[in-house]
Amino acid sequence: MSNQHVVVIFPHPDDESFGASGTISKFRAEGIPVTYLCGTLGEMGRNMGSPVFANRETLSSFRRQELTEAAKRLDIDVELLGYRDKTLEFEPKDEVADYLREKLEALRPSLVITHYPGYAVHPDHDALAAAVVAAIGQMKESVRPEVWMHAISNYHEEDLGEPDYIFDIEPYWEQKLAAIQAHLSQADGMMSLIDNHDQKSEQTARLKTERFYKWTFT
Amino acid sequence: MKAIEQSIVQEKINELANQDVYVHLETTNGAYASHFDEKAYNVGAFIRNAQVTYQHGKIVSTGGSYRVGLKLNLGWVYAEGVTDFEIDDKGRLLMAGHDREGRLMVALEISETPFSHEADVHE
């Protein structure tokens, strides 16, 4: 166990809580360190709190604090990558990959969790994940971490089949909710996305299982 | 932010006229629009730190929300659906329109100094 280290790479503060906090909690319960490399500060988000408490210029400061709080609740480290929300797909992919590789070579993870490029809905998700694949693809096989991917697009299973890992995170549901709720400016929006959606029960069930595809480097 | 007070906003627009200012203009229905509704289109645009000088500007009430137009020497800046405003501690005029759930739909901001350029991780 002692040589294990999980690095989670997503672009927005709250992606970690929404998509992987149950799995993160499971790793932490096993004593495995987890580091979140967060791409942006989500400064272009539409959710401004409910009732509204942020504006376009103050949102980044709120989201940075919220991320710090969520990280505390999940007992993980956070490093900010310093990109700007909604612009990652316009950055040169090679440069992002080089930067990520530098970070990963310092952290030496055994496992990296990111989005599934092309199946992650938000352009920032797809772009950062594609750079992760490029970065890790360049690493020597002997030091290359395993890569798990989170797919969220509506029909991803038709292309990708069943995920390789399906975790029932019910035992960590409290941690997951606490982490989601730490993202105050986003929490209402996130919960109402679930509540208002047609497939309410399916969405909630989805939140209670976390599903990942394992990436194979060829 | 608070509900638009037309006369205060108009006064601030006048104050910022005829000088170099920086504009943030944005509209969006979110990156997930067509994820949650297949019939929806994802639309959005933003321009940040466009440097302009406007001759004059006006805020017009539409009953419920406001339109704001700024006349440039060679063009226009325009936003519709603005509901809330704030003049922040940097003297910037921040305006935004929110939907019923409090989500931002449109923003127009005018500042004498550039808006922050990127996420400043060292701040």
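## Strands that pair up

Two strands count as paired if DSSP finds at least two bridges between them. In this predicted model, β2(B) and β9(B) meet that mark with six bridges, running in the antiparallel sense. Strands of a sheet pair through backbone hydrogen bonds, either parallel or antiparallel.

## Where the chains touch

So, how many residues does each chain bring to the contact? Chain A puts in 29 residues and chain B puts in 31 residues. The size of an interface is often given as the accessible area lost when the parts come together. Here, about 2,700 Å² is buried between chain B and chain A, and carbon and sulfur atoms give 54% of that area.

## Links across the interface

Between chain B and chain A there are two salt bridges. One of them joins Arg56(A) to Glu26(B), with the closest N and O atoms 2.7 Å apart. Back in the sheet of chain B, Glu26(B) stands opposite Ala107(B) in β9(B).

Polar contacts turn up too: eight residue pairs across the interface of chain B and chain A, both partners at pLDDT 80 or more. On the side of chain B that touches chain A, the elements giving two or more residues are β2 (21-28), α2 (33-36), β3 (44-52), β8 (93-98) and β9 (104-111) of chain B. Sorted by class, that side has eleven charged, ten polar and ten nonpolar residues.

Conventions. Residues are numbered from 1 along each chain as its sequence is written. Chains are lettered from A and ligands numbered from 1 in the order in which they are written. This is a predicted model: local features need pLDDT of at least 70, side-chain atom pairs count only at pLDDT 80 or more; totals for chains, interfaces and linings use all residues. Side-chain values use heavy atoms; hydrogens and water are left out. Contact means heavy atoms within 4.5 Å. Buried area is the accessible area (1.4 Å probe) that two parts lose on being put together, summed over both. A salt bridge is a side-chain nitrogen of Lys or Arg within 4 Å of a carboxyl oxygen of Asp or Glu. A polar contact is a pair of N or O atoms within 3.5 Å; within protein, one must be able to donate a hydrogen and the other to accept it, and residues adjacent in sequence count only if both atoms are side-chain atoms. Helices (H or I, at least four residues) and strands (E, at least two) are DSSP runs, numbered from the N terminus. Ala, Val, Leu, Ile, Met, Phe, Trp, Tyr, Cys and Pro count as nonpolar, Asp, Glu, Lys and Arg as charged, and the others, Gly among them, as polar.
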